[in-house]
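I opened this structure to look up a handful of residues and pairs. My entries follow in the order I made them.

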Amino acid sequence: VQLQASGGGLVQAGDSLRLSCVVSERTFDTSIMGWFRQAPGNDREFVAAIKRSGGFTRYSDSVKGRFTISRDNAKNTVYLQMSSLKPEDTAVYFCAADTVHARSQSIATSSSAYDYWGQGTQVTVSS
């Protein structure tokens, strides 16, 4: 399974950006898809995740109300729409797939729950 993230870039505070992550296989259909980020010197942190149906999502407190995760199962793609970006959103953003816990009632926020990872895309927000 390969995950290909794209859409990062350099923007100014207050701008918007949309990240995309294409998954290579049908495994995507049954997976929980998530976005994580990692800033220099920091641990990788959970940003958002979405279950297969798209009706159940979860966000970190730091992005709730500004970021929106969505998925298009027909295109094997998950998106992260980021609005009102802040300099503290600067990080490498990774998409990930949790193929093990898809039937769980909840969405995991720990990176250890996700078994497939994309290569990351850099988002830089200038003040």
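**Entry: Asn76**

I looked up Asn76 and found it buried, with a relative accessible area of 12%. Buried means under 20% relative accessible area, exposed means over 50%, and partly exposed lies in between (1.4 Å probe, protein chains only). I placed Asn76 in the loop between strand 7 and strand 8 (77-82). Strands here are DSSP runs of E of at least two residues, numbered from the N terminus. I noted a phi near 50° for Asn76, a positive value in a residue other than glycine.

**Entry: how to read the values**

I am working with a predicted model, in which local features need pLDDT of at least 70, side-chain atom pairs count only at pLDDT 80 or more, and totals for chains, interfaces and linings use all residues. Residues are numbered from 1 along each chain as its sequence is written, and side-chain values use heavy atoms, with hydrogens and water left out.

Ser84 sits in the loop between strand 8 and strand 9 (91-98). Ser84 counts as partly exposed because its relative accessibility is 41%.

I then turned to Arg66, in the loop between strand 6 (57-59) and strand 7. Leaving aside neighbours within four places in sequence, Arg66 is in contact (heavy atoms within 4.5 Å) with Gln81, Met82, Ser83, Ser84, Leu85, Lys86 and Asp89.

**Entry: Asp72**

I found Asp72 in strand 7 (residues 67-72). Asp72 counts as partly exposed at 25% relative accessibility. Not counting residues up to four places away in sequence, Asp72 touches Phe28, Thr77 and Tyr79. I also looked up the separation of Asp72 and Ile107: they are 35 residues apart along the chain, and their C-alpha atoms are separated by 18 Å.

**Entry: the disulfide**

How many disulfides are there? I counted 1 disulfide, taking a pair of cysteine sulfur atoms within 2.5 Å as the rule. The disulfide joins Cys21 to Cys95, with S to S at 2.1 Å. Cys21 lies in strand 3 (residues 17-23) and Cys95 in strand 9, so the pair ties together parts that are 74 residues apart in sequence. The link of Cys21 and Cys95 is right-handed, with 60° about the S-S bond. Cys21 is buried at a relative accessible area of 0%, and Cys95 is buried with a relative accessible area of 0%.

**Entry: aromatic rings**

I noted 4 aromatic pairs in the structure. Rings of Phe, Tyr and Trp (its six-membered ring) pair if their centres lie within 6.5 Å; planes under 30 degrees apart count as stacked, over 60 as edge-to-face and the rest as tilted.

Why is the pair of Phe36 and Phe46 edge-to-face? Their ring centres are 5.6 Å apart and their planes are at 80°, so the pair falls in that class. Phe36 is in strand 4 (residues 32-38) and Phe46 in strand 5 (residues 45-50), so the pair ties together parts 10 residues apart in sequence. Both Phe36 and Phe46 are buried.

Phe36 also pairs with Trp117, and this pair is tilted: 5.0 Å centre to centre, with 55° between the planes. It links distant parts of the chain, Phe36 in strand 4 and Trp117 in strand 10 (residues 116-117), 81 residues apart. Phe36 counts as buried at 0% relative accessibility, whereas Trp117 counts as partly exposed at 27%. I recorded Phe36, Phe46, Tyr114 and Trp117 as one aromatic cluster.

**Entry: Arg44**

I found Arg44 over the face of Trp117, at 4.8 Å from the ring centre. The charged end of Arg44 also sits over the ring of Phe94, 3.8 Å from its centre. The rule requires NZ of Lys or CZ of Arg within 6 Å of the ring centre and within 35 degrees of the ring normal.

Methods. Helix = DSSP H or I, 4+ residues; strand = E, 2+ residues; numbered from the N terminus.
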